Amino acid sequence: MKSGIYTFANDVVYDQLIALLNSIEENAGSEIPVCIIPYNSQIQKIEQDIKNRSHVFLFDNQDSIDFWEDFMIQAWTANTTAQKFWNEQGKPAVRRVNFVRKLCSFDGPFDKFVYMDADTLLMDSIARVYDKLDTYDWVVNDFQYKSDSHYIFNPEKQDILDDIIGLEKAKSQIFCAGWFASKKDVFNRERMSELLGYLNSGDAEVLSLRGSDQPLYNYLVSRSGISFYNFAYNNPEQATGSHWSSNFDVIENRLYDKGRPINYIHFMSISSSKFRLLCQGENVNIPYQDVFLHYRYLKSPSDCPTLKDPSPWLQLRRQSQQIVGKIGNKLKFKRRSSESRD
């Protein structure tokens with residue numbers, strides 16, 4: 001297959017996935033093939049839905065999944081700073097290993113591809129993204145380079161980062177792992193073996209402890225030296241935003257940034273439980289939730305719920321649960337810290 005879209009999901013994000021698939025059909029065409037990389041084996045609802053979508057299929061290369069998860073484990077266990085810190089907190093040696101399955105995209109059927117997290121919606125054609133892949137190996141549309149780099153790289157290891165990549169290059173190429181475009185075999189086994197050697201030789205220390213897969217992806221792209229293009233960096237005046245916190249105009253269920261259609265919207269950091277409640281009829285006040293509901297129920301508009309505000313009692317109960325949870329987490333951290341000093 002020449003080109004297509006990958007996403008990453010299980011039944012926990014079912015509502016978001018259906019909205020994404022419908023947005024792709026509506027705004028880019030039903031002929032674009034979509035491959036779903038499973039987060040885990042909890043995909044029964046997804047399997048049932050895609051029976052009616054001839055262009056959508058599941059990624060089923062277990063060797064690829066095993067390879068990338070093993071790579072993730074080796075990369076993070078090589079980070080002595082992370083291992084010491086997480087051990088003191090009582091956390092596992094490697095967190096969210098499943099998230100690295102996004103990189104199975106390089107072993108799939110598409111020669112060119114766009115990867116989209118399940119909590120995104122496609123708002124416009126991706127033809128220009130595929131066109132950029134004729135010249136570049138990695139393409140993004142991301143303003144995250146303007147954010148603090150400590151979410152990607154360890155601020156205490158700036159000297160190492162400067163030596164192996166260069167501070168300015170590393171910071172200019174920062175991107176969110178929820179949306180990117182690349183090509184088959186850009187990260188092949190030979191290249192990954194070389195990069196793992198660098199990680200084991202001390203490079204792993206530059207990875208930020210605030211993330212798991214995202215610091216690793218950013219490191220791989222910058223360290224490998226592959227050609228990189230960011231619409232929002234190379235042409236910021238013409239680029240559009242993508243984050244849900246932006247002030248977009250809504251025109252016929254598509255989002256516009258200062259008159260230009262955005263490429264996609266990313267509902268990052270909004271929990272799947274909120275989308276589930278929204279689809280059950282609760283007004284959870286997610287930005288652009290009416291747009292989301294349009295795509296979620298595009299094929300079954302009569303099922304779209306009429307939204308109602310949660311009762312004051314339910315709101316109070318949830319606030320109380322959040323407070324109790326935060327107090328409990330603080331007490332656990334203090335206890336673990338005390339035990340590590342004994």
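Which residues are linked in a network of salt bridges?

1. The network is formed by Glu 25, Asp 49, Arg 53 and Lys 299. A salt bridge here is a side-chain nitrogen of Lys or Arg within 4 Å of a carboxyl oxygen of Asp or Glu. Over the whole structure, the search finds 14 salt bridges.

2. On the basis of these values: the model is predicted, local features need pLDDT of at least 70, side-chain atom pairs count only at pLDDT 80 or more, and totals for chains, interfaces and linings use all residues. Residues are numbered from 1 along each chain as its sequence is written, and side-chain values use heavy atoms, with hydrogens and water left out.

3. Arg 96 and Asp 213 form a salt bridge at 3.4 Å, N to O. The pair links distant parts of the chain, 117 residues apart: Arg 96 is in the loop between α4 (80-88) and β4 (112-116), and Asp 213 is in helix α9 (residues 213-224). Helices (H or I, at least four residues) and strands (E, at least two) are DSSP runs, numbered from the N terminus. Asp 213 is buried, at 3% relative accessibility, whereas Arg 96 is partly exposed at 44%. Buried means under 20% relative accessible area, exposed over 50%, and partly exposed in between (1.4 Å probe, protein chains only).

4. A further salt bridge joins Asp 134 and Lys 112 at 2.5 Å, N to O. Asp 134 is exposed, with a relative accessible area of 55%; Lys 112 is buried at 15%.

5. The side chains of Asp 124 and Arg 254 also meet in a salt bridge (3.0 Å, N to O). Asp 124 lies in the loop between β5 (120-122) and α5, and Arg 254 in strand β10 (residues 254-257), so the pair ties together parts 130 residues apart in sequence.
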